[in-house]
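Please look through the model shown below before reading on. The paragraphs that follow take up its helix, its strands, its core and its aromatic rings in turn.

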Amino acid sequence: MRVSATFCSKGGVGKTTTTANLGGSLVGAGLRVLLIGLDSQPTLSSFYDLSQPAPGGVHELPATELVGLDQIISRTAFSNLDITASNDYRNQLQQLLLNAPMVVSG
């Protein structure tokens, strides 16, 4: 598994567009991709048609104790491209992540 992050503190520089296009390119190269939107604007999930939208999104990870992956991962029309949509409409994700208990598995 490889993880890549696209971030910048300035808005409007193309982070979401770059992420969506990179994800699509990686799927085109035969890889399985999960895009995770952490922005308070749920723009990332609008780039691809969702064949199976999940009822939740990234907000449920730190906000609830137990969340099944099928509850937060939306399937797109592309078989190897899934999205965990941003649904942080009140812009609370940063504070939730800061206060989330650290989970260590061994």
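A residue is called buried under 20% relative accessible area, exposed over 50% and partly exposed in between, with a 1.4 Å probe and protein chains only. This is a predicted model, in which local features need pLDDT of at least 70 and side-chain atom pairs count only at pLDDT 80 or more, while totals for chains, interfaces and linings use all residues. Residues are numbered from 1 along each chain as its sequence is written, and side-chain values use heavy atoms, with hydrogens and water left out.

Helices (H or I, at least four residues) and strands (E, at least two) are DSSP runs, numbered from the N terminus. The helix α1 has 14 residues and reaches 20 Å from its first C-alpha to its last, close to the 20 Å expected at 1.5 Å a residue, where the expected span is 1.5 Å times one less than the number of residues. The buried residues of α1 are T19, A20, G23 and V27. Because they cover an arc of only 95 degrees around the axis, they lie on the same side of α1; the arc is that of the directions from the helix axis to the C-beta atoms. These buried residues pack against β1 and β4, and after α1 comes G30, with a positive phi near 95 degrees.

Two strands pair if DSSP finds at least two bridges between them. Four bridges join β1 and β4 in the parallel sense, with L35 opposite I83 in β4. The strands β3 and β4 run antiparallel and are joined by two bridges, S74 having I83 as its bridge partner, and they form a hairpin with four residues between them. From β4, L81 and I83 point one way and D82 and T84 the other, and all are buried.

The structure holds one aromatic pair. Rings of Phe, Tyr and Trp (its six-membered ring) pair if their centres lie within 6.5 Å, and planes under 30 degrees apart count as stacked, over 60 as edge-to-face and the rest as tilted. The rings of Y48 and F78 have centres 5.8 Å apart and planes at 90 degrees, so the pair is edge-to-face. Because Y48 lies in the loop between β1 and β2 and F78 in the loop between β3 and β4, the pair ties together parts that are 30 residues apart in sequence. Y48 is buried, with a relative accessible area of 14%, whereas F78, at 46% relative accessibility, counts as partly exposed.

Technical notes. Contact = heavy atoms within 4.5 Å.
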